Structure formats: C-alpha cells, structure tokens
Amino acid sequence: MSDALSKDQIAKLIADDIPQGAFVNLGIGQPTLVADHLDLERGVVLHTENGMLGMGRAAVGDEIDEDLINAGKIPVVETPGASYFHHADSFAMMRGGHLDVCVLGAFQVSVRGDLANWHTGAPDAIPAVGGAMDLAIGAKDVLVMMTLFAKDGSSKLVEDCTYPLTGLACVSRVYTDHGVFKITDEGVRLREAYGATMDELRERTGLDLLD
Amino acid sequence: MTDVLEADGAADEAVADVPDGATVLIGGFGAAGQPIELIDALRRHGATDLTVVNNNAGNGDTGLAALLKTGHVRKIICSFPRQSDSWVFDDLYRSGRIELEVVPQGNLAERMRAAGAGIGAFFSPTGVGTPLAEGKEERTIEGRDYVLEYPIRGDYALIKAHTADRMGNLVYRKTARNFGPVMATAATTTIAQVVDVVETGALDPENVVTPSIFVDKVVLL
C-alpha cells in the first residue's frame with residue numbers, strides 16, 4: 001500500500017490533471033501550491049479574482065510592486081500575454097462559464113458535490129466569503145484540495161454538509177491525502193487510494209464509496 | 001465637467017461636501033488601489049453615520065481601518081472582512097459597534113455595475129442554496145437556479161487611478177484597477193486620486209479605461 005500523500009503530492013496530482021491550455025483559478029491557501037507543479041510548457045493561464053489573467057509566480061526583491069498582487073494579497077509577477085481588467089469583468093469570467101478549472105480548499109464536501117468552505121458557523125466567527133461562492137458555481141470544473149479527515153478524525157467528505165454551504169452540487173473531484181474522489185451521478189467513486197484500503201476508507205468515511 | 005484639484009489640501013477640498021449618512025464606495029483590494037489620501041481626508045472631514053462599500057474591512061491601522069476606528073462608519077458592505085490584519089474591524093464587530101453585510105465578491109461588483117448601468121435588479125447564480133441567499137427571491141431560468149440581487153448605489157465613490165487627463169479620463173495600473181472602474185459608474189459623485197495628470201489629448205483614447213463622463217473630481221497627489 002502506498003503512503004498517504006503530502007500537501008505537495010496532492011498539489012502535483014491536481015497540476016497533472018489540469019488540461020493543456022486551461023484557464024485556471026487557484027483559491028487562496030493550500031491550492032496556491034498547485035502553481036509550483038504546473039508545467040509551463042502546457043500553456044495553462046492563471047486567473048486571479050482581483051483582475052488579472054496570466055499571473056506568474058510570487059515576486060521577489062525588486063520585482064515586488066504593491067499594485068501587482070494575487071487574491072491572497074501576495075505580490076506576484078506578470079507572464080507574457082497577461083491582461084488586467086476590473087472586478088465585474090473578472091467575475092463575469094467565472095459566472096459566465098469562461099473559466100475552465102478552479103481549485104478550492106474545503107471544510108466539507110457532500111456526496112452530491114455540495115461545498116462548504118467559507119464559514120464555520122461558530123457564533124463568534126466573522127463571516128467572510130470573498131470570491132468562493134462565485135468560483136464554486138462559475139468554473140466548469142471545481143476541484144477541491146483538502147485533508148480527508150478533520151483534526152478530530154471525522155470525515156470531511158460527508159453525506160450532507162453540516163457547515164454553511166458555499167455552493168450546491170458544484171464539486172467535480174476531491175483530492176485528499178488518502179484518495180482522489182470523483183463526484184458522479186451514481187455516487188462517489190474512488191479513483192486512487194493512498195495509505196488506506198478501499199474498505200478502510202469506507203469504514204472511516206461511513207460512505208458507500210464506488211470502485 | 002471634471003474638476004482637477006492639485007493644490008495643497010486638494011483631498012480635503014474634494015470630500016468637504018460628503019454629508020452625514022452618505023453611502024461611500026471605496027476602491028481597492030487590500031492595499032492595491034485603496035485611495036488612502038482620500039480616505040484620510042474623509043476621516044478628517046468627520047462625516048458620521050456612513051455606509052462604506054469596499055471589498056475588505058480595513059488592513060492594519062491606516063486607510064480604511066483608520067476611518068473605521070473613528071466610529072463614523074455605521075455599516076460596511078464587503079465580501080471579505082476577516083483577515084490577519086483586520087483587528088480594527090474585528091474589535092468593532094465583536095463589540096456590536098458596526099453593522100456588516102457580507103456579499104459574495106462577484107455579486108458585490110455586479111450590484112455596483114447594475115447601479116451604474118441603470119439595471120433595476122438581476123438574477124445571479126452565485127449564492128443559491130447558501131445562507132447569503134436566505135430571504136431573497138429565487139427563480140429557475142432555463143433549468144438553472146438564480147437569486148435576485150439589487151443594485152448598490154453610492155452617493156460618493158473614492159477611487160485610485162494612475163493617470164488622469166484634464167477631462168477626467170482615467171488609466172489604472174495593474175491589479176490596482178480592481179473595483180475602481182465599476183465604482184466610478186455607480187456613484188452620484190466620483191472622486192479619483194491619481195499620481196499623474198496629463199493634458200487633454202495626451203491619453204490614447206483606445207487606452208482610456210474609465211471615460212470622463214463617470215468622473216467628477218480628480219485629485220493629484
């Protein structure tokens with residue numbers, strides 16, 4: 001049996017699954033790791049919600065420009081062929097179905113592809129949604145990158161989300177340390193398992209996973 | 001006709017007529033495109049009971065955060081208030097001294113775009129089935145579910161561009177453009193701070209991002 005995957009290994013799996021020439025938005029946090037594994041030869045174009053296509057790597061030294069940042073407010077660089085646009089156009093690219101792929105983190109994903117990733121629902125939490133709801137319903141393919149289990153051991157892939165929802169039936173694949181899961185009309189199909197057997201994953205998630 | 005203000009105190013002069021209770025659209029995504037000097041002038045001006053629309057709810061202790069700290073902002077409409085450096089807002093919110101309306105970022109932009117474009121309301125797929133759609137009218141159109149969203153109009157927009165000409169045509173710089181062009185259309189009075197003013201005719205008309213019709217005052221800093 002193979003070992004469970006590291007965050008970097010999950011990011012590499014996602015990067016390898018992104019089609020040639022795709023327009024891609026990487027959510028803030030862990031999904032930004034995917035950029036480190038993208039093969040530039042494949043012509044993937046990164047979109048950032050704050051108004052840019054053709055976003056490059058993090059800026060260093062003299063490259064740092066306070067007017068050129070990503071959605072996580074980190075300074076980045078331009079790539080050849082980059083473009084800038086205002087916020088209404090940037091979100092038209094999502095909502096209008098122009099963006100091919102987005103990669104988001106999650107608190108929970110349901111077996112129908114419902115996504116919960118913006119709010120824990122805790123009474124003292126300050127809600128902050130950013131662009132998550134627009135991305136969730138906008139990109140043609142919504143990929144989730146997360147650990148399969150929460151710190152308390154509970155599965156984050158669930159029958160029904162208990163956290164407040166970000167979007168309904170919007171996730172197509174879930175990439176985790178223990179497996180890649182495809183959300184299909186028939187149910188959740190395990191593509192590959194890492195560091196656990198199919199039966200162990202069925203047991204620990206409590207879900208009827210399909211082969 | 002656009003006024004170009006460039007003397008000392010131009011920022012203060014530009015915001016001097018903002019009344020108590022005004023809705024003020026403030027550009028910027030984090031620090032990029034945030035019109036710090038206009039916000040500072042609004043803080044000195046001292047109008048109270050303001051509603052502020054911005055993507056965030058202030059960073060650190062400067063700009064929007066400093067305005068919030070005065071207690072003159074009654075309500076903030078934004079997509080992402082909680083950040084590692086949003087302690088000013090966090091404190092006001094947790095002690096019940098500021099009202100918060102969280103709006104998905106695309107709906108925030110589109111609600112202002114609608115205001116500027118004279119659209120009465122629109123159906124958006126964003127937020128359907130989530131707590132942010134509760135109580136809103138829903139409709140299924142060609143098999144897809146949508147939620148009704150209303151425009152957000154500003155009495156004032158404070159934005160930051162890079163270059164203006166004396167007509168008020170604006171050009172922005174990189175990702176500092178963000179909400180500026182949309183907010184410029186959505187307010188009764190739009191005030192743009194810029195770092196450069198050129199003579200009319202010096203901007204290539206093909207490259208103008210915000211046409212002068214949307215700009216009332218330019219402040220050169």
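**Close-up views of a predicted two-chain model**

View 1. F89(B) and Y93(B) sit four residues apart, about one turn, in helix α4 (residues 87-94) of chain B; helices here are DSSP runs of H or I with at least four residues, strands are runs of E with at least two, and both are numbered from the N terminus. An α-helix has 3.6 residues a turn, so residues three or four places apart point the same way. This is a predicted model, in which local features need pLDDT of at least 70 and side-chain atom pairs pLDDT 80 or more, while totals for chains, interfaces and linings use all residues. Residues are numbered from 1 along each chain as its sequence is written, chains are lettered from A in the order in which they are written, and side-chain values use heavy atoms, leaving out hydrogens and water.

**View 2. Two aromatic pairs, one in each close-up.** Over all chains, the search finds two aromatic pairs (ring centres of Phe, Tyr or the six-membered ring of Trp within 6.5 Å; planes under 30 degrees apart are stacked, over 60 edge-to-face, the rest tilted). In F107(A) and Y163(A), the ring centres are 5.3 Å apart and the planes meet at 45°, so this pair is tilted. F107(A) comes from the loop between β5 and β6 (108-110) and Y163(A) from the loop between β9 (157-158) and β10 of chain A, so the pair ties together parts 56 residues apart in sequence. F107(A) is partly exposed at 30% relative accessible area, and Y163(A) is partly exposed at 31% (buried is under 20%, exposed over 50%, partly exposed in between, with a 1.4 Å probe and protein chains only). Back in chain B, the rings of F89(B) and Y93(B) have centres 5.5 Å apart and planes at 25°, so they are stacked. F89(B) is buried at 0%, whereas Y93(B) is partly exposed at 27%.

**View 3. Where chain A meets chain B.** Here 38 residues of chain A are in contact with 43 of chain B (heavy atoms within 4.5 Å). D67(A), H87(A) and I126(A) supply 22% of the area that chain A buries against chain B, more than any other three residues (buried area is the accessible area, 1.4 Å probe, that two parts lose on being put together, summed over both). The total is about 3,300 Å², with 61% from carbon and sulfur atoms.

**View 4. A salt bridge across the interface.** Three salt bridges link the chains by the rule used (a Lys or Arg side-chain nitrogen within 4 Å of an Asp or Glu carboxyl oxygen). One of the pairs is K174(B) with E78(A), whose closest N and O atoms are 2.8 Å apart.
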